[in-house]
Amino acid sequence: MLVFFLFVKIEKVWSKCTQLGSDVNLALETITKKADKDHKTKTHLPKMATSLSRTLRNVRKHLSLLRFASRN
């Protein structure tokens, strides 16, 4: 019974992390497209895009760690 409870909780966290990663990725793409239109190059992205990029990278690292932990 405890295993089922933990599985449900892990599934919910996994789903929320995946949704968060998708939302951050979409926001980053939107900012990048806006920067491309405004500046015609990718050389100067706003600070927010850089921050979102770091956040997305961290979410991906955490997801990979969760996957690794669930295998063991």
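**Exercise 1. Which residues make up the largest nonpolar core, and how many are there in all?**

Start with the setting: this is a predicted model, and its chain has 2 helices and 0 strands.

Step 1. Find the members. The largest nonpolar core consists of Val24, Leu28, Ile31, Ala49, Leu52 and Leu56, which is 6 residues in all.

Step 2. Ask which elements supply them. Helices α1 and α2 (47-71) each give two or more residues to this core.

Step 3. Of the 72 residues, 15% count as buried. The chain exposes about 6,200 Å², and 64% of that area comes from carbon and sulfur atoms.

**Exercise 2. Decide whether Gly21 is buried or exposed, and find its contacts beyond its neighbours in sequence.**

Step 1. Locate the residue. Gly21 sits in helix α1.

Step 2. Apply the cut-off. Buried means under 20% relative accessible area. Gly21 has a relative accessibility of 11%, so it counts as buried.

Step 3. Look for contacts. With neighbours within four places in sequence left aside, Gly21 touches Leu56 and Val59.

Step 4. Check a distance across the chain. Gly21 and Arg60 are 39 residues apart along the chain, while their C-alpha atoms are separated by 7.4 Å.

**Exercise 3. Describe the nonpolar surface patch and the setting of Leu2.**

Step 1. List the patch. Leu2, Phe5, Leu6 and Ile10 make a nonpolar surface patch of about 430 Å².

Step 2. Classify Leu2. A residue is exposed when its relative accessible area is over 50%. Leu2 has 59%, so it is exposed.

**Exercise 4. Work out where Ser70 lies and what its side chain meets.**

Step 1. Ser70 belongs to helix α2.

Step 2. Classify it. Ser70 has a relative accessible area of 56%, so it is exposed.

Step 3. Examine the side chain. One of its polar atoms lies 2.8 Å from the backbone oxygen of Arg67.

Step 4. Ile10 is one of the patch residues from Exercise 3.

Definitions and conventions
Residues are numbered from 1 along each chain as its sequence is written. This is a predicted model: local features need pLDDT of at least 70, side-chain atom pairs count only at pLDDT 80 or more; totals for chains, interfaces and linings use all residues. Side-chain values use heavy atoms; hydrogens and water are left out. Patches are made of residues with over 30% relative accessible area and no salt bridge: like charges are joined within 9 Å, nonpolar side chains (Val, Leu, Ile, Met, Phe, Trp, Tyr) within 5 Å. Accessible areas come from the Shrake-Rupley method with a 1.4 Å probe; for residues, only the protein chains shown count as cover. A salt bridge is a side-chain nitrogen of Lys or Arg within 4 Å of a carboxyl oxygen of Asp or Glu. Helices (H or I, at least four residues) and strands (E, at least two) are DSSP runs, numbered from the N terminus. Buried means under 20% relative accessible area, exposed over 50%, partly exposed in between (1.4 Å probe, protein chains only). A nonpolar core is a set of buried Ala, Val, Leu, Ile, Met, Phe, Trp, Tyr and Cys residues joined through side-chain atoms within 4.5 Å. Contact means heavy atoms within 4.5 Å. A polar contact is a pair of N or O atoms within 3.5 Å; within protein, one must be able to donate a hydrogen and the other to accept it, and residues adjacent in sequence count only if both atoms are side-chain atoms.
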